[in-house]
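Here are my notes on the model you asked me to look over. Have the structure open while you read.

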Amino acid sequence: MFRGITIFHLDTKGRLAIPARYRERLETLAGGRLVITVDRDRCLLLYPESEWEIIERRLAALPAFDPTVRALQRLYLGNAQDVELDAQGRILIPSHLRKFAALDKQIAFVGQGVKLVSSLRSGMKRPGRRGWMRPSRFAGDRTGQGSRTGRPGL
């Protein structure tokens, strides 16, 4: 559903204008209802509501006695916010989420199939900046501590 990098513009009220090429798909797939949450990389994840519900059920079904699972549930589920496209095709990003991801007037979202991931934050705003796409960012274990094997984590 979502592919490539798309630049979104944030207005002074914290509303994000969704490009027309995504609006129709979002209306069809989720009736214009979306869920936005945080990620441990200090970026935002934007899902159609129907896709988020699958993830929400999976996270909720994990063993709550595991401290790592509880931390993930608090992060992803605890910060999830329902948002809806308005008549102009915008969504309001809550101020605490804007602050968490250090959002500015322009935000690049990277399409990853069923979700969009914000990628431009403080310290990452210049295209080609060293380190942003280094392989070690993609290697790691479930805890996000990284791996020396070079194989992607879960």
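This is a predicted model: local features need pLDDT of at least 70, side-chain atom pairs count only at pLDDT 80 or more; totals for chains, interfaces and linings use all residues.

1. In soluble globular proteins, nonpolar side chains tend to be buried together. Here the largest nonpolar core has 30 residues, and the members touching the most others are Leu16, Ile18, Leu44, Ile91 and Ile93.

2. Setting aside neighbours within four places in sequence, Ile93 contacts Leu10, Gly14, Leu16, Ile36, Leu44, Arg98 and Leu103.

3. Now the helix pair. Two packed helices are described by the angle between their axes and the distance between the axes. For α2 and α3, the angle is about 155° and the axes are 10 Å apart. Angles over 145 degrees count as roughly antiparallel, so that is the label for α2 and α3. The crossing of α2 past α3 is left-handed. On the α2 side, Trp52, Glu56, Leu59 and Ala60 make the contact, while α3 brings Gln73, Tyr76 and Leu77. Sorted by class, that comes to 5 nonpolar, 1 polar and 1 charged residues.

4. Is Gln73 buried or exposed? This residue of helix α3 has 15% relative accessibility and therefore counts as buried, the cut-off being under 20%. Apart from residues up to four places away in sequence, Gln73 touches Leu59, Ala60, Leu62 and Gly78. Leu59 and Ala60 also belong to the α2 side of the helix contact.

5. Last, the backbone. Most residues other than glycine have a negative phi. Which phi value does Arg42 have? Arg42 has a positive phi, near 60°, and is not a glycine. You'll find Arg42 in the loop between β3 and β4, and its 41% relative accessibility is why Arg42 counts as partly exposed.

6. Ala102 also has a positive phi, about 50°, without being a glycine. Ala102 sits in the loop between α4 (95-100) and β7. With 31% relative accessibility, Ala102 counts as partly exposed.

Definitions and conventions
Residues are numbered from 1 along each chain as its sequence is written. Side-chain values use heavy atoms; hydrogens and water are left out. A nonpolar core is a set of buried Ala, Val, Leu, Ile, Met, Phe, Trp, Tyr and Cys residues joined through side-chain atoms within 4.5 Å. Buried means under 20% relative accessible area, exposed over 50%, partly exposed in between (1.4 Å probe, protein chains only). Contact means heavy atoms within 4.5 Å. Axes are lines fitted to C-alpha atoms, for helices over the stretch in contact, and angles run from 0 to 180 degrees between N-to-C directions. Helices (H or I, at least four residues) and strands (E, at least two) are DSSP runs, numbered from the N terminus. Angles under 35 degrees count as roughly parallel, over 145 as roughly antiparallel, 65 to 115 as roughly perpendicular and the rest as oblique. A crossing is left-handed if the near helix is turned anticlockwise from the far one by less than a right angle, and right-handed if clockwise. Ala, Val, Leu, Ile, Met, Phe, Trp, Tyr, Cys and Pro count as nonpolar, Asp, Glu, Lys and Arg as charged, and the others, Gly among them, as polar.
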